[in-house]
Amino acid sequence: MRIKAQVAMVMHLDKCIGCHTCSVTCKNTWTNRPGTEYMWFNNVETRPGPGYPKQWEDTNRFKGGWELKNGKLKLKAGGPITKLANIFYNPDMASMDDYYEPWTYDYDNLIHSPKSENIPVARPKSMITGKYIDKPEWGSNWDDDLAGGSEIVPLDPNVQELQEHISMEYEKTFMMYLPRICEHCLNPSCVASCPSGALYKRDEDGIVLVDQDACRGWRFCTSGCPYHKVYYNWNTHKAEKCNFCYPRTEAGLPTICSETCVGRIRYIGVVLYDADKVKDAASVEDPQDLYEAQLGCFLDPFDPEIQKKAREAGINDAWIESAQESPVYKMAIKWKIALPLHPEYRTMPMVWYVPPLSPIMNHITNEEELSTDGYIPAVDQMRIPMEYLASLLSAGDTEVIRNVLLKLTAMRVYMRGKTVGGIDEFRQS
Ligand code: SF4
Ligand code: SF4
């Protein structure tokens, strides 16, 4: 057994209001320099929608992550030979069009423009070329107001298709927010993709970082990460990514996105895991078994034997105590109400999500379903389709999602009974 400590995050999606405060404070802290204009270490996607970069989950177009070949894990976005062939052109990489050409506004045009028939506007100006952009075609949250219809459950719709479906399926339209940072994976494919060894997973806390001196700008990490969370700085010609605000966490402070989150959706904590189990867990054949396999890597911080071994492995008492109090341990491991994003990528991601509850679609109540044993409208008739949540958080296994939603619904009913109606009346009802 090789015990390691890992800092991780749970995001409670019911509480996200899509205000983007996290993205802006992260940007002001980390990516407000030349070459980083288009980068969002933290971004908030309106789902269903193409996301950022556009259609990043389209595995036909973008590779990244791991696949199983003859029972062994292989990088999907090319090994060393492909790397050599792709020095000048990496076909798996997202282009600037997929991110967006960042622009600022020319306020001079607003203030000093000559008299004319039309009211002057602050014109968008490319932050890369310095030229005016007549009609910006794409931005990181362009899809904010589009959402989708529950019949389609698309992972990567193009905008036009989405609009058509919305008009056809208006009554079934749904949306949710999905904030995203680097997953600081237990089995990071970005690290394995780097020919220079510049990406590494810190031993003490599992944070995945880029050594700026070692980076040679190959950009295999940008295509190797299936979450598209490594970016290329066109000014320094180095890779950059979310660093879990390590200068803050080292000082005992939360990440800036967590500290400033308006909805208080983010929980940070330490978990203990057995590093010897990670490769086997990432190699289980059925993608729907990956979630359970990942859970099997975590260790009980209350177990005296684990504590002893953790100390022998150099993990101090403060970290062990932290693992005991960890909200990530409680929500992801003990209560099992938080799930990993796209476990099928086999990177063992460490940002976990509590799926959102959504209103019940009463107007489409199906009598036949209602009479089915175990059918619970509060869960089975939610506006956000279970299949959609499963495509994000459980490799398509709707039972996993349903179990979480049942727990959340029970807790909500209990708390409502306790605080609104009085728990005794609730029990009687
Ligand atoms: Fe690496 Fe982060 Fe991507 Fe995981 S999510 S592969 S740690 S960049
Ligand atoms: Fe959601 Fe919090 Fe970010 Fe606002 S600050 S968008 S509530 S994660």
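This report describes a predicted model of a protein chain with its ligands.

## Overall make-up and confidence

The protein chain contains 19 helices and 16 strands. Of its 429 residues, 41% are buried. Among contacts between residues at least 6 apart in sequence, 65% join residues at least 24 apart.

The average pLDDT of the protein chain is 88, and 87% of the residues score at least 70. For the complex, the predictor gives an ipTM of 0.96 and a pTM of 0.90. Where pLDDT is low, the predicted coordinates should not be read in detail.

## A four-stranded sheet

Four strands make an open sheet with mixed pairing, in the order E14-E1-E16-E15. Strands E14 and E15 (339–340) stand at the edges with a single partner strand each, so one side of each has no neighbour in the sheet.

Strands E1 and E16 run parallel and are joined by four bridges. Methionine 9 has valine 351, in E16, as its bridge partner.

The largest nonpolar core has 103 residues. The members that touch the most others are Val10, Val271, Leu272, Val328, Ala338 and Trp352. Strand E1 gives the most to this core, with seven residues.

Leucine 272 can be followed in more detail. Leaving out residues up to four places away in sequence, leucine 272 touches Ile3, Ala5, Phe298, Leu299, Pro301, Ile306, Ala310 and Ala323.

Helix H14 spans residues 327–334, and its buried residues are Val328, Tyr329, Met331, Ala332 and Ile333. These buried residues pack against strand E1 (3–12), strand E14 (266–274) and strand E16 (351–354). They also pack against helix H11 (290–295) and helix H13 (317–325). After H14 comes lysine 336, with a positive phi near 55°.

## The surroundings of the two ligands

Around ligand 1 there are 14 residues, of which Cys182, Glu183, Cys185, Cys190 and Cys225 come nearest. By class, the shell around ligand 1 holds eight nonpolar, three polar and three charged residues.

Ligand 2 is also surrounded by 14 residues, and the closest are Cys16, Cys19, Cys22, Cys261 and Gly263. The shell around ligand 2 has 10 nonpolar and four polar residues, and no charged residues. Helix H1 (21–30) and strand E9 (176–180) each supply at least two residues of the shell around ligand 2.

## The loop between E2 and E3

The loop between strand E2 (43–47) and strand E3 (66–69) holds glutamate 57. Glutamate 57 has 18 other C-beta atoms within 10 Å, so this residue counts as partly exposed. The C-alpha atom of glutamate 57 is separated by 9.7 Å from that of leucine 392, although the two residues are 335 residues apart along the chain.

The bond from arginine 47 to proline 48 is cis, with omega near -5°, and proline 48 is placed in the loop between E2 and E3. The bond from tyrosine 52 to proline 53 is cis as well, with omega near -5°, and proline 53 is found in the loop between E2 and E3.

## Backbone exceptions in other loops

Most residues other than glycine have a negative phi, and most peptide bonds are trans. Asparagine 70 is not a glycine, yet has a positive phi of about 50°. Asparagine 70 lies in the loop between E3 and strand E4 (72–75). Because asparagine 70 has 5 C-beta neighbours inside 10 Å, this residue counts as exposed.

Arginine 219, another residue other than glycine, has a positive phi near 70°. Arginine 219 is found in the loop between strand E11 (208–210) and helix H7 (220–224). Is arginine 219 buried or exposed? Arginine 219 is buried, because 22 other C-beta atoms lie within 10 Å.

Methods
Residues numbered from 1 in each chain as written. Chains lettered and ligands numbered in written order. Predicted model: local features only at pLDDT ≥ 70, side-chain atom pairs only at ≥ 80, totals over all residues. Buried ≥ 20, exposed ≤ 12 C-beta atoms within 10 Å, placed from the backbone. Contact = placed C-beta atoms within 7 Å. Near = placed C-beta within 6 Å. Nonpolar A, V, L, I, M, F, W, Y, C, P; charged D, E, K, R; others polar. Core = buried A, V, L, I, M, F, W, Y, C linked by C-beta atoms within 7 Å. pLDDT = per-residue confidence, 0-100. Pairing = 2+ DSSP bridges.
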